Amino acid sequence: GSGPAAQLWWKTGSEWRVRLLQGHAGGVLSVAFSPNGALLASGSEDATVRLWQVDTGRAEWVLEGHAGEVFGVAFSPDGKMLASGGRDGTVRLWQVGVGQEVGLFEGHTDAVHAVAFSPDGDWLASASWDGTVYLWELATGQGVRVLRGHRAGVNAVAFSPDSLLLASGGLDDRILLWDVAGGQVLALAEHDGAVWAVAFSPEGGFLASGGWDRAARLWGISR
């Protein structure tokens, strides 16, 4: 959003209703639902993450720790953890049930713009404007792999449903498809402008991307 509020929309019959989730002191830059749909996380220009109860609209926790805007938030597959990435170049891991920071991942040298958990819960990926994607092993909290291949900042990351592939999109107009186990680039595709979004289809056979060229593109994934 462009102002200090998140908006929650739902449909009742044929009517759409909206609830304003207010409390942030700056624009809301990222949102994510928990896997069970009970919580909504929002990252803001005010350097905080808020966890909201969806049914009541109440902010259960205000997560403080970042030293700048929070550009990306993501829940773990089991909903017990939340990851956030921000302007300060850090990735932070929060325990959802108590609202405490339980991990601090450092290594990026510029803002982290996106974070994503692998569906199997083993990996956390972070995309940064330093041009790299980090793969963090959640069991150890270590940055096991630094994926270098983009020629400019990286805006978006997404894992395939089987956790074997990772897609990244960047300011270099490119989409890279990575092998998670080996860290190699398997395929490359391009937009005519910066790539800001990537997402796999539920069965993993397609990858969608959105770019500054005003195009959404659909790519077939062959194994």
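These legends walk through several close-up views of a predicted model.

**View 1. A four-stranded open sheet.** Let us start with a sheet whose strands follow the order S7-S8-S9-S10 and pair in the antiparallel sense. Strand S7, covering residues 70–75, and strand S10, covering residues 100–105, form the edges, and each of them pairs on one side only. From one strand to the next, the twist averages 25°.

**View 2. Strands S9 and S10 side by side.** Here we zoom in on one pairing from that sheet. Strand S9 spans residues 91–95, and five bridges link S9 to S10 in antiparallel fashion. To find your way, look for Leu93 and its bridge partner in S10, Gly103.

**View 3. His113 and its surroundings.** His113 sits in strand S11, which runs over residues 112–117. Its relative accessibility is 13%, so His113 counts as buried, the cut-off being under 20%. Which residues is His113 in contact with, leaving aside neighbours within four places in sequence? They are Phe71, Gly72, Ala127, Ser128, Trp129, Val154 and Asn155.

**View 4. The largest nonpolar core.** This core has 15 residues, and those touching the most other members are Ala125, Val133, Leu135, Val157, Phe159 and Leu166. Two or more residues come from each of S11, S12 (123–128), S13 (132–137), S15 (154–159) and S17 (174–179).

**View 5. A closer look at Phe159.** Phe159 is one of the core residues that touch the most other members. Not counting residues up to four places away in sequence, Phe159 touches Ala116, Phe117, Ser118, Pro119, Trp123, Ala125, Leu135, Leu165, Leu166, Val180 and Phe200.

**View 6. Asp173 in its loop.** Asp173 is not a glycine, yet it has a positive phi of about 75°. You will find Asp173 in the loop that joins strand S16 (165–170) to S17. Is Asp173 buried, exposed or partly exposed? With a relative accessible area of 25%, Asp173 is partly exposed.

**View 7. Arg214 in its loop.** Our last stop is the loop between strand S20 (206–211) and strand S21 (216–220), where Arg214 has its place. Arg214 has a positive phi of about 70°, although it is not a glycine. Its relative accessible area is 85%, so Arg214 is exposed, the cut-off being over 50%.

Note on methods. Residues are numbered from 1 along each chain as its sequence is written. This is a predicted model: local features need pLDDT of at least 70, side-chain atom pairs count only at pLDDT 80 or more; totals for chains, interfaces and linings use all residues. Side-chain values use heavy atoms; hydrogens and water are left out. Buried means under 20% relative accessible area, exposed over 50%, partly exposed in between (1.4 Å probe, protein chains only). Contact means heavy atoms within 4.5 Å. A nonpolar core is a set of buried Ala, Val, Leu, Ile, Met, Phe, Trp, Tyr and Cys residues joined through side-chain atoms within 4.5 Å. Two strands pair if DSSP finds at least two bridges between them. Axes are lines fitted to C-alpha atoms, for helices over the stretch in contact, and angles run from 0 to 180 degrees between N-to-C directions.
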